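Let us go through this model by question and answer. The structure comes up next.

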Amino acid sequence: MMAGTEQSVTPRPVYDERLSRAVERFLYAEADLLDRWQLHEWLELFPAAGRYLVPATDKPDGEPDRDLFLIQDDRFLLEQRVDSLLKRSAHAEYPHSRTRRLVTNIAAQARPGGEVDVTANFAVFRIRNATTDTYVGQYRHVLEPGPDETFRFLIRKAVLDLDALRPLGKISIIL
Amino acid sequence: MSEYVDDDREMPRFRVSRKAMVDPGVFAREREQIFDHSWLYIGHETELRKPNDFRTRTVGGRPLIFARDAKGQIRVWVNSCPHRGAMLCREPQGNARFLTCFYHGWSFSSAGDLVSMPDDASYGENFARPGLAAPAKVDSYRGFVFISFDPGITGLRSYLAGAAEYIDLVADQSEVGMQVLDGTHEYSARTNWKLLVENSYDGYHAASTHQRYFQMVMAARGQLDPRALLDSRAIDLGNGHAVAAGAASTSSLFGRPLSEAGLAERTARFERMRRTYGDAWVDRIEGARNLVIFPNFVLIDLVMGVVIRRIEPVSPGYLEVSGWHLAPPDEGEELHRQRLDNFLTFWGPGGLATPDDVEALETCQRSYAAASELPWSDISRGMNKPAPSASDELQMRIWWRRWNELMTGEKSPPEDHAPLGGVFVGKRASEADQHATT
């Protein structure tokens, strides 16, 4: 490149800066609820039509109505999942593991209809029995905006970058 | 009594040594004496839809390429260049007319022939050009492809013995052929592989380990009668294979109720099947089955979802699992969606059941560090019964007796139980029989 023609390499943002900051606050608060195991409070972040999705590791762009997923909970199943995670009957999480979530690179953009598309990177560490399992991936959510820069999940999707759940073996926590 | 299996018919009592789960010497001998002399599942024909499609898989510890050649024939290759050994395929799946080794550029056709090598003239005229290596045997039954590393092994159909009929009960559920869906459950467990085999057809653990799942079913259905689990039989299928087979009432225990439209479509499908195959066979199809084909292939059909599970031992305390969803592609969208839903609530590493199985098996394995204080595990349940059910442990004893025979040479006769009857013996109508064998 010739001197004097250098251009900025900063990519142009394809997201709404102010909205992204609001979504950032929402996702931080959400991560905090999950790390504290305040799952009933967390469940309130889903309206009746809300869904929680985790695609298969070898089909990250899969369609939940056609392909095999790891998790595709509607509100009823999510409530069942959350209720049992807080009882002794979810054996894989009794006693509860410790988790710590890092959520970064948050980008949000509103659709003309008002729904908000969000991408964010995540690393979720799960610590139990002297073993640390690390789940890495990207959130691809669709949020429903509420009053005062609050949101609820229409789609809460965690796309893993792992090529298999090995040696993790399972997703017994909420990702 | 061998070092590993205590099969006492007098008491009666059946125990297996926990050493068999932790000893690296046992693990090494399992590779040689079991995995090198069995038919091992590699994949389903529908996973390779087009000519030249391939998938890479590790089977019995060997890196393999599961492929269709240019003419559409199923092939299995060792994923290693015959020149110096670099892997030919490094992707989990793809489509390639030629398999080319990036190390020195040797190139092979999808039929395994060496088609080019750079600087060909530096090899003599008489140089024997090696093709791709393959396992000794490759064969399939109703779309399920198995391989064997033993050139002298009995044919696949005779190896499957009575298990073939249970594959038929699954394969007959679609008029156009059952198909593996895209998306794989690739996971693992920090436990010995034999514990997951046992767990795959252990009805006894369902009520306690999977309380959480049945609470969900109860919330969805409003009622649940766990006695349906007892309407079942554990059945010896020969060669170490066994099934825990349930009557149609078992289906009331699993999944959320179908929508009206879903139920109507399902009923119409089964009516059509009744015309093709006859009532006796379809009554049987409407039941449930947890099948294990020795040593490591699992096929579970709880009516609203068929799971194919392949267990790959990695070390005495670690296994890898692959789970696939086999479904009829000729089903409508709504029924398919409900099938996916019912499959996922139970199966797989994110379901409401499988993670708790993994937890149970991992704690077993950790506790076997005390094997010198507590050397045996008990698998006696139902030995004293005329007709053991899926909640007994006959199916596991059948597996372990075959394991013991291959590992120690000790043979023990099958248990004597009441003959099967009713819904467990229905056959296909005779005209359907002719159709299925052509």
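A pocket is an open set of points, on a 1 Å grid over the protein atoms alone, with protein on both sides within 12 Å along at least five of seven lines; a cavity is a set where a 1.4 Å probe fits but cannot get out; lining residues have an atom within 4 Å of a point. Grid points are joined across faces, edges and corners, and a volume is the space filled by probe spheres set on the points. This is a predicted model, in which local features need pLDDT of at least 70 and side-chain atom pairs count only at pLDDT 80 or more, while totals for chains, interfaces and linings use all residues. Residues are numbered from 1 along each chain as its sequence is written, chains are lettered from A and ligands numbered from 1 in the order in which they are written, and side-chain values use heavy atoms, with hydrogens and water left out.

Q: What volume does the largest pocket have, and which residues lie nearest its centre?
A: The volume is about 630 Å³. The lining counts 25 residues. Nearest the centre lie A:Arg166, B:Thr56, B:Arg57, B:Pro92 and B:Glu186.

Q: Which elements give two or more residues to the lining of the largest pocket?
A: Elements are DSSP runs numbered from the N terminus: helices (H or I) of at least four residues, strands (E) of at least two. Chain B supplies the elements in question. They are strand E4 (53–59), strand E19 (306–315) and strand E20 (318–327).

Q: How many residues in the lining of the largest pocket are charged?
A: Asp, Glu, Lys and Arg count as charged; Ala, Val, Leu, Ile, Met, Phe, Trp, Tyr, Cys and Pro as nonpolar; the others, Gly among them, as polar. Seven lining residues are nonpolar and seven are polar. The charged ones number 11.

Q: Where is the peptide bond that leads from A:Arg166 cis, and what is its omega?
A: A:Arg166 is one of the residues nearest the centre of the largest pocket. A:Pro167 sits in the segment after strand E6 (151–160) of chain A. The bond from A:Arg166 to A:Pro167 is cis, with omega near 5°.

Q: What phi does A:Asn105 have?
A: A:Asn105 is in strand E3 of chain A. This residue is not a glycine, yet its phi is positive. The value is about 50°.

Q: How many cavities of 30 Å³ or more does the structure hold, and what is the volume of the largest?
A: Rolling a probe the size of a water molecule over the atoms shows where empty space is left. The structure holds eight such cavities.

Q: Which residues lie nearest the centre of the largest cavity?
A: Its lining has 14 nonpolar, nine polar and four charged residues. Helix H5 (193–200), strand E16 (241–246) and strand E17 (288–293) of chain B each supply at least two. Nearest the centre are B:Asp202, B:Gly203, B:Phe254, B:Asn290 and B:Leu302.

Q: Which residue in the turn between E11(B) and E12(B) has a positive phi?
A: Strand E11 (residues 137–141) and strand E12 (residues 144–148) of chain B pair antiparallel over five bridges. One of the partnered pairs is B:Val138 with B:Ile147. The strands form a hairpin with two residues between them, and the residue with a positive phi of about 50° is B:Arg142.

Q: Are H3(A) and H7(B) parallel or oblique to each other?
A: Axes are lines fitted to C-alpha atoms, for helices over the stretch in contact, and angles run from 0 to 180 degrees between N-to-C directions. Helix H3 (residues 75–85) of chain A and helix H7 (residues 211–221) of chain B have axes that come within 10 Å and cross at roughly 140°. Under 35 degrees counts as roughly parallel, over 145 as roughly antiparallel, 65 to 115 as roughly perpendicular and the rest as oblique. H3(A) and H7(B) are therefore oblique.

Notes
Two strands pair if DSSP finds at least two bridges between them.
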